[in-house]
Amino acid sequence: MSDATLHASAQNPDDFVVQIADQVESFLVAVTEVAKGDEPGSTVPFLLLEVSQLLLAGGRLGAHEDIVPDDRYEPDPGPEPDVDGIRENFARLLDPVDVYSEVFDPYEPRKAPVPGRISDDLADIITDLRHGMVHYRAGRTTEALWWWQFSYFSNWGPMASAVLRALQSVLIHVRLNQPLEELDGLDTDQANLGDETLEFEAGRVMAQEIGDPLGMRPTT
């Protein structure tokens, strides 16, 4: 299907490219607002929701047949917008839990987990999605779909999946009162503390240092 054909039906809400573009735009608008930090207590829950919804669009792109652009070479979309401000804001908002570990490829055995930052990954995801949105808004809808599908497989899809797992883990640890193995502020060298006391104290410190700033409460 040519760009002209797709663009002619761009106002049809049932059209595939319009639906994907709407999901992408919704994510970009939402996470940009979250990054402003107006509601820091809702950062993790909001991001969990938005990344989950974005991965629905990614799943649809992944299940779709290969999208082939009309032109051999990608048209120049112009300079990439700066995302350093968004990256820095998320690093500040997520400071207690920004760094996480991830198995890069679960089908490669005996691979050690690699470190990542949620703030870095979100900034990269936003860059990929904005790149495709420039093509979409210029009427190059096939190019936009191709880019979103290609970068879903090669970059933003794996990143979004990793970020989702990290955000889920944060909520699991806090809501189920399950302490992290290492937590700043907890002195495990105190000889008079038994294992049960240490576990209780770890959960308490986590709730105060991670849960409270991020607006999450453990279950009772």
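**Figure 1. Overall architecture of the predicted protein model.** The secondary structure comprises seven helices and two strands. Read from the N terminus, the elements follow the order α-α-α-α-β-β-α-α-α. The protein has 220 residues, of which 41% count as buried. Its accessible surface amounts to about 12,500 Å², and carbon and sulfur atoms contribute 51% of that area. Among contacts in the protein with a separation of 6 or more, 73% are between residues 24 or more positions apart.

**Figure 2. Crossing of helices H2 and H5.** Two packed helices are described by the angle between their axes and the distance between the axes. Helix H2 covers residues 16-35 and helix H5 covers residues 118-137. Their axes come within 10 Å and cross at roughly 135 degrees, so H2 and H5 are oblique to each other. The crossing of this pair is left-handed. On the H2 side, the contact is made by Val 17, Val 18, Ala 21, Val 24, Glu 25, Phe 27, Leu 28, Val 31 and Thr 32. H5 contributes Ile 125, Ile 126, Leu 129, Arg 130, Met 133, Tyr 136 and Arg 137. Classified by residue type, the contact of H2 with H5 has twelve nonpolar, one polar and three charged residues.

**Figure 3. Crossing of helices H2 and H6.** Helix H6 extends over residues 141-175. The axes of H2 and H6 come within 11 Å and cross at roughly 60 degrees; H2 and H6 are therefore oblique to each other. H2 passes H6 in a left-handed crossing. The contact involves Phe 16, Val 17, Ile 20, Ala 21 and Val 24 of H2, together with Thr 141, Leu 145 and Trp 148 of H6. By class, seven nonpolar residues and one polar residue take part in the contact of H2 with H6, and no charged residues do.

Terms used:
Residues are numbered from 1 along each chain as its sequence is written. This is a predicted model: local features need pLDDT of at least 70, side-chain atom pairs count only at pLDDT 80 or more; totals for chains, interfaces and linings use all residues. Side-chain values use heavy atoms; hydrogens and water are left out. Axes are lines fitted to C-alpha atoms, for helices over the stretch in contact, and angles run from 0 to 180 degrees between N-to-C directions. Helices (H or I, at least four residues) and strands (E, at least two) are DSSP runs, numbered from the N terminus. Angles under 35 degrees count as roughly parallel, over 145 as roughly antiparallel, 65 to 115 as roughly perpendicular and the rest as oblique. A crossing is left-handed if the near helix is turned anticlockwise from the far one by less than a right angle, and right-handed if clockwise. Contact means heavy atoms within 4.5 Å. Ala, Val, Leu, Ile, Met, Phe, Trp, Tyr, Cys and Pro count as nonpolar, Asp, Glu, Lys and Arg as charged, and the others, Gly among them, as polar. Buried means under 20% relative accessible area, exposed over 50%, partly exposed in between (1.4 Å probe, protein chains only). Accessible areas come from the Shrake-Rupley method with a 1.4 Å probe; for residues, only the protein chains shown count as cover.
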